[in-house]
Amino acid sequence: MTQRLLPLGGWAWLIVSRFALGILFTIVTTTMTGRRVDVVDRVAGAVITSGALVVGAALVSTIGFVVFRGWEPLLHLNFFLDDMSGVGPRDEFDRGGIAHAIVGSAIELGIAIAVTLPLGIGTAVFMTEVGGKFAGVVRTIVEAMTALPSIVAGLFVYTVLIVAVGFPRSGFAAAMALAVMMLPIIARAADVVLRVVPGGLREASPALGASRWRTVWHVVLPTARPGPRPPPSSSASRAVSARRHRSCSPAASRPSWSPTRPTAS
Amino acid sequence: MPTLERYGWSFFTESARQPEADVLGIGAVLVGTVSVAAVAMVIAFPLALLTALFISEYAPAGIRATLISLVDLMAAVPSIIYGMWGYFLVMPHAAAFALWLQQNFGWLPFFRIDADPDAAVWDVSRYVGSAFCAGIAVAMMVLPMSCAVMRQVFSQTPPGEKEAALALGSTRWGMVRTVVIPFGRGGIIGGTMLGLGRALGETIAVLLIISPDFVIKPRILEVGTNTVSALIAGRFGDASAAQLSALLTAGFVLFVITLIVNTLAAVIVNRSRSGAGTDA
């Protein structure tokens, strides 16, 4: 019977039709006791709740699917400690691992953060503390750069560093691509945090005779320190997952601790 | 711009990509990019809106913080995971759904597929790897982003206005419809456009799912499409100097498009009433 109502067979469609019939049922029962407003209210509540449920189900199925399909190697410790050198595609799970990729990701991310953190916070300090006409231009550019699709950042570094300058495809080049991506995000986030530093604190410091640099270093940045931490970590998590920098680093199957040699990530 | 000198203005309209014949254009990938993003937004927009409304208005206060961090978690899932999820788990179902759409709504031009819908054994390969399948994965990626923006704006609704609506006898939905949604309209539009900007630039999930094709194809359910970013990711390695320059131009075009979309979104969010206190 249910299968005839459905456009297609399968449990997914069973749930869909169950939902549609449930709403119909709600309408009928509410109409018996309440007015039109109540009916609309109930239906809207049901639709909104189930919309959120669909999203939750999608999230659970994504994570569940990845864990379900990939749990087997996790049971072998060598998955985290070993690399893929000398491992064939038909080997069992107790050979090889992803150590080289983890090391590669960590190196790339480390370089990218080391480059972007000072630059990004410096940009933010410039925008909020120095100010002036030029700061507005910089802010517009930073806003625009956040729209940069990561693939374009990767291609840019590929063309400039690897093709034009003749740099080897390496973790360093990949880190540069990540840095191009992360810089505007960090600068913008730090800018938002720096702007909420109370003006009173900011004016008290020069009033006591401190120079502008000492004001920034001893008053503004310490006040804002709890703030900037989440932005770097969130942009770092975005960068780790960005696979476009593969355009810059060829996959190597051995751990290479040197950032200027081929790496995997 | 050596690319334009070499290929002329037909670079933007030419759909074929035949490096041997020195014919190159981004017409097809532009159409593909737009159609993938459109599918993604059609799926993501209602879900993001419903989820944002649920979190800010309907969810019990106790689990609200958990739900917010769950949405953040969704935003942190790498796109390659969504690509794999879309490829292995969703695509078979999406193909079946595409078949049903073709059988019932095949008269709509963008649902048309060049395959017999009533064949005894339906030709699955004509239904997978389409813009529709890629759009589902991309929708999962843009959803948390636009949902976060919308929720943030909804949560800034002045409680006084909400309580006034309830005090006047409004139901919860009446309150949402007359107070929360009008207040958050700027956030809804802005969040959607921010999501659109991200959908246009999405690479790896699309690259995994689609089967590359270089034909201007508005039929979103049929196999074969391509997007600018997937084209760059797939072809930069074996590109000659002129082709690399062409890929860079394609990337630049993509950048300009996303830039326009994001700037519009920022302007809309800033100009709307959202976020500004109400003293009325």
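Me: What makes a pair of residues a salt bridge, and how many does the structure hold over all chains?

Reply: A salt bridge is a side-chain nitrogen of Lys or Arg within 4 Å of a carboxyl oxygen of Asp or Glu, and the structure, which is a predicted model, holds one over all chains. Local features here need pLDDT of at least 70, side-chain atom pairs count only at pLDDT 80 or more, and totals for chains, interfaces and linings use all residues. Residues are numbered from 1 along each chain as its sequence is written, chains are lettered from A and ligands numbered from 1 in the order in which they are written, and side-chain values use heavy atoms, with hydrogens and water left out.

Me: Why is the pair of Lys162(B) and Glu57(B) called a salt bridge?

Reply: The closest N and O atoms of Lys162(B) and Glu57(B) are 3.4 Å apart, and the rule asks for a distance within 4 Å, so the pair counts as a salt bridge. The pair links distant parts of the chain, since Lys162(B) lies in helix 6 (residues 159-167) of chain B and Glu57(B) in helix 2 (residues 27-58) of chain B, 105 residues apart. Helices here are DSSP runs (H or I, at least four residues), numbered from the N terminus.

Me: Why are helix 5 and helix 6 of chain A called oblique to each other?

Reply: Helix 5 (residues 99-130) and helix 6 (residues 133-145) of chain A pack at an angle of about 135°, with their axes 8 Å apart. Angles under 35 degrees count as roughly parallel, over 145 as roughly antiparallel, 65 to 115 as roughly perpendicular and the rest as oblique, and helix 5 and helix 6 of chain A are therefore oblique.

Me: What makes helix 3 of chain A oblique to helix 3 of chain B?

Reply: The axes of helix 3 (residues 36-74) of chain A and helix 3 (residues 61-76) of chain B cross at roughly 50° and come within 11 Å, and that angle makes the two helices oblique. Val55(A), Leu59(A) and Ile63(A) meet Leu70(B), Leu73(B) and Met74(B) there, where contact means heavy atoms within 4.5 Å.

Me: How do you know how much area chain A and chain B bury between them?

Reply: Buried area is the accessible area (1.4 Å probe) that two parts lose on being put together, summed over both, and for chain A and chain B this comes to about 3900 Å², 80% of it on carbon and sulfur atoms. In this interface 40 residues of chain A are in contact with 45 residues of chain B, and the rule finds zero salt bridges across it.

Notes
Axes fitted to C-alpha atoms, helices over the stretch in contact; angles between N-to-C directions.
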